[in-house]
Amino acid sequence: MIRKATVSDCARIYDLICDMERRELPFDRFQKIYRDQLDNRHFYCLVNDQDGRVIAVLNLRVEEQLHHAEFIAEIMEFAVETAFRDQGIGKAMLEEACRIAGEQGCSQIEVACNQLRKDTHRFYLREGMHNFHFKFSKPLAENDSAENAIGK
């Protein structure tokens with residue numbers, strides 16, 4: 001069952017996102033950001049709950065963008081527990097996110113994805129998304145390397 005996330009889902013969403021990023025994030029900071037986003041009308045966090053266990057999360061941000069002069073939805077985080085992949089769960093969650101984005105008046109939905117996540121790229125392409133953009137980033141910490149890695 002896909003539903004809107006609640007405060008009580010925080011720890012499980014944390015686990016899913018840490019697994020996706022392949023690193024342990026600082027929980028106190030994560031929890032604060034999560035709670036702030038739950039109260040922010042620009043964010044909509046979806047979970048897939050099977051028998052009381054959250055097995056997937058999709059965090060959506062909706063905002064007006066100057067270069068579109070419209071509302072755009074962006075998937076900020078999207079993770080499905082490994083054991084539940086290839087069962088249509090991600091597809092159903094993406095469809096629900098698109099439905100919500102449409103209801104919010106968005107003209108499109110976007111997602112940025114690390115170049116190393118080849119399986120995820122195939123998923124997005126299969127679901128009708130296009131790779132029309134490059135995303136660039138620059139580390140602001142002096143000791144950060146320029147090497148691409150998941151969780152960076």
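This short talk walks through one predicted model, from its sheet to its cores, its cysteines and its aromatic rings.

Let me begin with the sheet. It is an open sheet of five strands, in the order S1-S2-S3-S4-S5, and the pairing in it is mixed. At the edges you will find strand S1, residues 2-4, and strand S5, residues 106-111, each of which pairs on one side only. From one strand to the next, the twist averages 30 degrees. Across S2, strand S3 (53-65) and strand S4 (70-80) lies helix H1, residues 10-21, which runs at about 80 degrees to S3.

Now let us turn to the interior. As a general background, nonpolar side chains in soluble globular proteins tend to be buried together. In this model the largest nonpolar core has 21 residues, and those that touch the most other members are Leu-58, Leu-60, Ala-73, Ile-75, Phe-78, Met-93 and Ile-109. Which elements give two or more residues to this core? They are S3, S4, helix H3 (89-103), S5 and helix H4 (118-126), and H3 gives the most, with six residues. Apart from this core lies another one, of 17 residues, among them Cys-10, Ile-13, Cys-45 and Val-54.

Leaving aside neighbours within four places in sequence, Ile-75 is in contact with Leu-58, Asn-59, Leu-60, Leu-94, Ile-109, Glu-110 and Val-111. Glu-74, which has its place in strand S4, is buried as well, with a relative accessible area of 13%. With the neighbours within four places again left aside, Glu-74 is in contact with Asn-59, Leu-60, Arg-61 and Glu-110.

Next come the cysteines, where the count of disulfides is zero.

Finally, the aromatic rings, of which the model has seven pairs. In one of them, Phe-78 and Tyr-124, the ring centres are 6.5 Å apart and the planes stand at 50 degrees, so the pair is tilted. Because Phe-78 lies in strand S4 and Tyr-124 in helix H4, this pair ties together parts that are 46 residues apart in sequence. Are Phe-78 and Tyr-124 buried or exposed? Both of them are buried. Phe-134 and Phe-136 also form a tilted aromatic pair, with 6.2 Å from centre to centre and 45 degrees between the planes, but here both residues are exposed. One aromatic cluster, to end with, is formed by Tyr-14, Phe-27, Phe-30 and Tyr-34.

Methods:
Residues numbered from 1 in each chain as written. Predicted model: local features only at pLDDT ≥ 70, side-chain atom pairs only at ≥ 80, totals over all residues. Heavy atoms only, no water. Pairing = 2+ DSSP bridges. Helix = DSSP H or I, 4+ residues; strand = E, 2+ residues; numbered from the N terminus. Axes fitted to C-alpha atoms, helices over the stretch in contact; angles between N-to-C directions. Contact = heavy atoms within 4.5 Å. Disulfide = S-S within 2.5 Å. Core = buried A, V, L, I, M, F, W, Y, C linked by side-chain atoms within 4.5 Å. Buried < 20%, exposed > 50% of the residue type's maximum accessible area, 1.4 Å probe, protein only. Phe/Tyr/Trp six-rings, centres within 6.5 Å; stacked < 30°, edge-to-face > 60°.
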